[in-house]
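Here is a short report to read alongside your model. Please keep the viewer open as you go.

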Amino acid sequence: MSDTALTTRTLTSEHRTRRRIVNWVMEGLATVAALAAVALLVIVVGSVAKRGAGALDVDFFTKTPSFLGGFGDQRSGIANAIVGTFLIVGLAVLMALPVGVLAAIYLNEFAPKRVSSAMTVAFDVLNGVPAIVIGIFVFVFIVAGHGQAGIKGAFALAILMLPLVTRSTQEVLALVPDAMREASLALGAPRWRTTLNVVLPMAVGGIITGATLATARVAGETAPLLFTTSLAANTVSWNPTEPLASIPMFIFTSAEQADPSLQEQAWGAALVLITFVLIASIVARTFGLRSRRRLTGGR
Amino acid sequence: MATVARSIPDPAALRRRGRLNAGDALLYGITLAAALSALVLLILIAREIVADAWPAMKEFGFGFLTSRTWEPTADVYGAATFLFGTALTSFAALLLAAPISIAIALFLTELAPRWLRGPVGALVEMLASVPSVVLGLWGILVMGPWIVDHVGPFLHRMLGWTPFFKTEPAAGPSILSAILILTIMMVPIISSICRELFLNVPRDLKEGALALGATRWELVRGVIFPYARAGIAAAMILGLGRAVGEAIAVTQVIGNNEAITWNLFDPGDTLASRIASLYQGATTKLQVSSLVYLAVILLAFSLVVNLLARVIVHRVGQRHANA
Amino acid sequence: MQHIEVAEPASSAAVRRETVFRIENLSAYYGKAAAIRDVSFDIYGKTITAIIGPSGCGKSTFIRCLNRMNDVVPSFRSDGKILFHEVDLQGKDVDPVSVRRRIGMVFQRPNPFPKSIFDNVAYGLRILGMKDNLEGRVEHALKRAALWDEVSDRLKDSALALSGGQQQRLCIARAIAIEPDVILLDEPASALDPIATASIEDLMHELKEDYTIVIVTHNMQQAARVANMTAFFSISGGEDGSRHGVLVEYDDTEKIFTNPSEKRTEDYVTGRFG
């Protein structure tokens, strides 16, 4: 809209009223959209909470699925799924966190700017690869012909986590003031000492925050597990070389059952899952804000 | 006061032992290896899935993309149905999600009182952290029936003359459910990118328009949109990429039907959801290979989407830097 | 080199002193742009040498050459020689890390680590393996930096809780704990209030007995108060219109401020420009 168009338009008063109405309508639409999004979140979380709460009893957490009851009366537990998710996600973190942090150290501390930007592209592209494709990759790479295993599912999750951890660690490292690196170098410390004894300790809080958020993200992923660790026994297993049950897979398979008692189990598991994900996200973000403020505002 | 005696420095002490400090070399090497991991993984992923898809690629060639037949009994496979389904669901979802996301982003950057922006923004972001399997569960058991009961009849009555709502809504999975679920997933992504964009519109541009008496909407239309135009396009492309790649929620609500249909009340299938539906095992090697072929198509698409969005963002960055 | 003690203050240039730095035709560049060109002079041991001049004349660039701190800037390169006790610091086989252990630096804004006071001073000691009698060394350094009395009862407290002047003295203590030969100070008091500045200046008089001190300052009065020798840098134009720093005059402080040889020096110290 050109300046002259605006100025001529302001002159006529009927134009002014029409413009005001248009503006009012648009503002209304924007507000409705935002409210709708919030309402949707409340509805979804509310549904899960309402329908899932009934399934949560001690047995739910301690027993494993058993299909001995009749239709409508399945007594099931997700103990094996809880243990499985714990193991799979835990192994994924063990695989992705060191690699991601080390990669971020290279990209932020050692690489010249141009090289760093170029190499970061690979991480961004990896981040955009659909989770199902990564699941298929791991299937083709180490499952086909060898069998499913919890640790292979963990590997798929780790690939998903890697770009997230790298990116968030990079951001934290960039927040550490250069004056700290200078001070250390001026004392005759080599680069590796400066990184390990000065920069990393200052960044640790932010790194943990980023890792927690990434963990919360991948804990809810189902697609990477479909082809790598989905055919698990209905018993609790602590052995990651076997296929392990997991909460997302449990929800996925239970959801398509017609039996309402199984559906209730699915809601219960969903409640457990989103409680974990949402709480981890909120906690991580609050601590993240605090440690970020300390890094940048502390002096 | 006693001071420690210092001798004139021995020149040898100042000289290096080798080009780099040993510790530096070690850390440098390890971190470099880690930094290359993403590139290595990308190459590995591409290589492995193309290798495994090769039998199907050799057997069907590019005809795979145009053939509608997916017949395990005859061991003949084609992806056209799923390409159609992916295109229909993703673009329809984008059509719905784009205006909603932009509206939300505008609300959060221009409209809402300051104290409201943080909390509402956080709630919208939280929508993104709902796992897709939970969204799919809600889609089948809550949203689906609700649509069949309340929205479907209305749509059929009003728009039954279009190919999209030709039949009565039936209980069960439908393309419409998939479209709506995808919309819900795309909105937080697109709106958070747009939020960043709108916040970065230079203040003097905005103040200039306001000083001329522009209303907020005219400010948006005349200043913000033109400035952020390319970024919005990139955001939509990224949102589209997300929708195309979504397997779990879609497969839960779409029904895995193997026919091309424009009727949104029918069940359908997409590339990603077809892959997910076969997780319990494929029957023949060719079927497995065809499955992986689908993944190759998905991978290729996600790479194109990602690079396209980057190019747009890069080009815009240049233009704004030179302005 | 003969080693003759000099009684202070320095008056006549005829007294021979130990040369610690011999700078020969030093030029420094960031990419294609020269920051300083063709600087040559000697810096003497156990004296305070001030580098003064208008902003942009390359004072900081120069002092950072002395301990190879400019190496962290990717586009930096330099020509000429800096002979430190006859070793060219810019030689290809010289390890910058070892250089910095003998030539310490204190920066314009105090930059203590977000660790305890004790750990700040001990940082260099631990890294260099000087861990015997750690507490004794830390106490000694804090005493030499005139900070001990103020912090001896709270060594475990965070260094960031100290005032600006205290933080800067902590940085000095941190630097001298590892027993360098030289201390470089890059405008050490410009971020401090006058009282803290005075304490830093007093400190320098004491430290001069054991260390060679080179200080960059934009405050001429400070140079006059504190330094034995003063080097005046200024900005020159190149044939291509570029601007770079050059050494205009280097002499006893007294001479620079009362009877300089160069007109440009006189203009600067009398406040006619700069």
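## Two loop residues with positive phi

C:His85 sits in the loop between strand E4 (76-84) and strand E5 (87-88) of chain C; strands here are DSSP runs of E with at least two residues, helices are runs of H or I with at least four, and both are numbered from the N terminus. Although C:His85 is not a glycine, its phi is positive, at about 45 degrees. Most residues other than glycine have a negative phi. C:His85 counts as buried because it has 20 C-beta neighbours inside 10 Å (buried means 20 or more other C-beta atoms within 10 Å, exposed 12 or fewer, partly exposed in between, with C-beta atoms placed from the backbone).

## About the model

This is a predicted model, in which local features need pLDDT of at least 70 and side-chain atom pairs pLDDT 80 or more, while totals for chains, interfaces and linings use all residues. Residues are numbered from 1 along each chain as its sequence is written, and chains are lettered from A and ligands numbered from 1 in the order in which they are written.

## Chain C as a whole

Chain C contains ten helices and ten strands. Its radius of gyration, 19 Å, is close to the 19 Å that the globule rule gives for 274 residues, so chain C is as compact as a globular protein of that length (the radius is taken over C-alpha atoms, and the rule is 2.2 Å times the number of residues to the power 0.38). The C-alpha trace spans about 55 × 40 × 40 Å along its principal axes, and 50% of the residues of chain C count as buried.

## Where chains A and B meet

The contact takes 72 residues from chain A and 72 from chain B, contact meaning C-beta atoms, placed from the backbone, within 7 Å. On the chain B side, helix H6 (residues 132-159) gives the largest share, ten residues. That side divides into 51 nonpolar, 15 polar and six charged residues (nonpolar: Ala, Val, Leu, Ile, Met, Phe, Trp, Tyr, Cys and Pro; charged: Asp, Glu, Lys and Arg; polar: the others, Gly among them).

Methods
Two residues are in contact if their C-beta atoms, placed from the backbone, lie within 7 Å.
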